[in-house]
Amino acid sequence: MCYEQAQLKFVHYGCVRTCVEGGSFQHETMSLRLSPALRHLRANKFACNNCLRKKHTKISDEVHGMLRVDHAGEFGANRIYAGQMAVLAGRSKSAALIQHMWDQEKEHKKIFDDLMVKHRVRPTALMPFWHIAGFLLGAGSAVLGEKSAMACTVAVEASIVEHYNDQLRKLANDNPEKHAEIMAAIKKCRDEEQEHHDTGLDKGAEQAFLYKAMTAVIKVGCKAAIALSTKV
Amino acid sequence: MLARYLPLLQCYGNIMGRTTIIARPLLASNFSTNRTTSQDANASAQSEGRREEQDSSSKEDDVKFKIFNAALPLVHQLGWTKECLEAGAESIGLSKSSHGIFEHGGTSFVHFFHRNCNKELRKIAKDEQIESAKSDELTKVHQLLEQRLQMILPYLPQWPQAMALMARPHSSLDSYKLLYELADDICFFAGDRSLNATWYTKRAAVAGLYITGELSLVQDKSANCDESWRMLARRIDDLRKVEEFGGSCSRQQEILKDIAQSSLTLIRNLTGMQSYQRNSR
């Protein structure tokens, strides 16, 4: 029976008799109780705003969360490089390289800005926090020295690449055609972040003081930040 | 100065407020004519937001919309209740108990009304191309807020009942969601494209303005509710002043940054660190 017929039967028969496909009339509440078959329809069609949204949304809540955390991540990366430049500008050989990496991060952020506006995704509420924390991380690692700054870059980029790969896997498993644009954006950013990671290693990150400890701590921090920004 | 903002702050704490029902003269104009739900999406829609796609879906609200439209004129006599929905259903030839489409009776009725108004507002914003107009953001916010508040004018006598229904605990979650969507839509169509903390402050401000406007309208005794529109204009002006103040603060931030940097350089010079670093490079 098609959906419209089900609707009409439901409203027409409901009060007088129990329609097999329709439902039963509840005398106590003077209302209609749908039979299981129609209840499925009701959940998708008659229901409140919430259910309608979940069924018909252009991109799901999960992808909204992905865009939100990616946007926050690029913003954080921008602030980390800003912190590093604030300390190392004009005082280090790698200043030009860090500036170049920073410029690439600015492009990434622009890409995600456009995606966020296009899909009207809410940005993370922790933006002011990442604004400060990112700068402090960058500046703090740079104060410890140029190699420490590179180590910080390596740790952050490694987390980000792993995170982007997870997202790409999820999107590809779900529906590659539907998410093509988002996947392309994430791929581009992931490739460039991988480059930054390799550059950092080339510039002697592993010779930084307490490299292993520092990278471990930064990776844990990044994981926590990613988990938070997806939801908040 | 804080006293001027107290009413606004009080409204945040008293979301859909409770007021006593005051007898008011009936307002003549009826709500929208019977539109079909198959509104095709605006071809030039720039955003692919979820709510825009919802507006263009046609089938699901058909019967519900018909009952809703039929019941609206009867709100003046029967209030936002199940009885009103029953009467509306009867008037278009459906059985009385088809009010069951609205699961929670009066509350669902008001909820659907709000959703419909928000849909109408999005349509108005797109048709009048408010986004691309030359005026500044706050003027557009003002315009959209007035449009949205005018949609409840025909039902003002029974509006306190509607507000009370939405303020109940089990429907308060829905009310928050509707208010959030309304604030988001108004800010978006007024041209806000920010993606940081101001996203939140703007939407909070707009939500607060809407609630203030609603509360003011419900107890307004002036002709044509002029007092409320004037109050709204004053609140928008206040927001404008706050914005200017914020702008001047960020300009001063730049100056503070320069001062911090130059004092650091001074300290390095005084302690000889500057020349030490230069020599050791």
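Modeller: Happy to; I will start with a helix pair in chain A, move on to its cysteines and loop, and end with a helix pair in chain B.

A few ground rules come before the details. This is a predicted model, in which local features need pLDDT of at least 70 and side-chain atom pairs count only at pLDDT 80 or more, while totals for chains, interfaces and linings use all residues. Residues are numbered from 1 along each chain as its sequence is written, chains are lettered from A and ligands numbered from 1 in the order in which they are written, and side-chain values use heavy atoms, with hydrogens and water left out.

Chain A has nine helices and two strands; these are DSSP runs, with helices being H or I of at least four residues and strands E of at least two, numbered from the N terminus. Read from the N terminus, the order is α-β-β-α-α-α-α-α-α-α-α. Of the 232 residues in chain A, 49% are buried, where buried means under 20% relative accessible area, exposed over 50%, and partly exposed in between, using a 1.4 Å probe and protein chains only.

Now for the pair itself. Helix α4 (residues 61–88) of chain A and helix α7 (residues 146–174) of chain A have axes that come within 12 Å and cross at roughly 165°. The axes are lines fitted to C-alpha atoms, for helices over the stretch in contact, and angles run from 0 to 180 degrees between N-to-C directions. That angle makes α4(A) roughly antiparallel to α7(A); angles under 35 degrees count as roughly parallel, over 145 as roughly antiparallel, 65 to 115 as roughly perpendicular, and the rest as oblique. Among the residues of α4(A) that meet α7(A) are A:V63, A:M66, A:V69 and A:I80, and the α7(A) side includes A:A149, A:C152, A:V156 and A:L171; contact means heavy atoms within 4.5 Å. By class, this contact of α4(A) with α7(A) has 11 nonpolar, four polar and five charged residues. Here Ala, Val, Leu, Ile, Met, Phe, Trp, Tyr, Cys and Pro count as nonpolar, Asp, Glu, Lys and Arg as charged, and the others, Gly among them, as polar.

The structure holds zero disulfides over all chains, a disulfide being a pair of cysteine sulfur atoms within 2.5 Å. A:C152 is in no disulfide, and the nearest cysteine sulfur, that of A:C222, is 7.9 Å away. A:C152 counts as buried because its relative accessibility is 0%. For A:C189, the closest cysteine sulfur is in A:C222 at 16 Å, too far for a bond; A:C189 also counts as buried, at 0% relative accessibility.

Elsewhere in chain A, the loop between α5 (95–119) and α6 (127–143) holds A:R120. A:R120 has a positive phi of about 50° although it is not a glycine, and at 12% relative accessibility it counts as buried.

Helix α9 (residues 169–189) of chain B and helix α10 (residues 197–218) of chain B pack at an angle of about 115°, with their axes 9 Å apart. α9(B) and α10(B) are therefore roughly perpendicular to each other. The contact includes B:L179, B:Y180 and B:F188 of α9(B), with B:W199, B:V206 and B:I211 of α10(B). Residues in the contact of α9(B) with α10(B) divide into 12 nonpolar, no polar and three charged.
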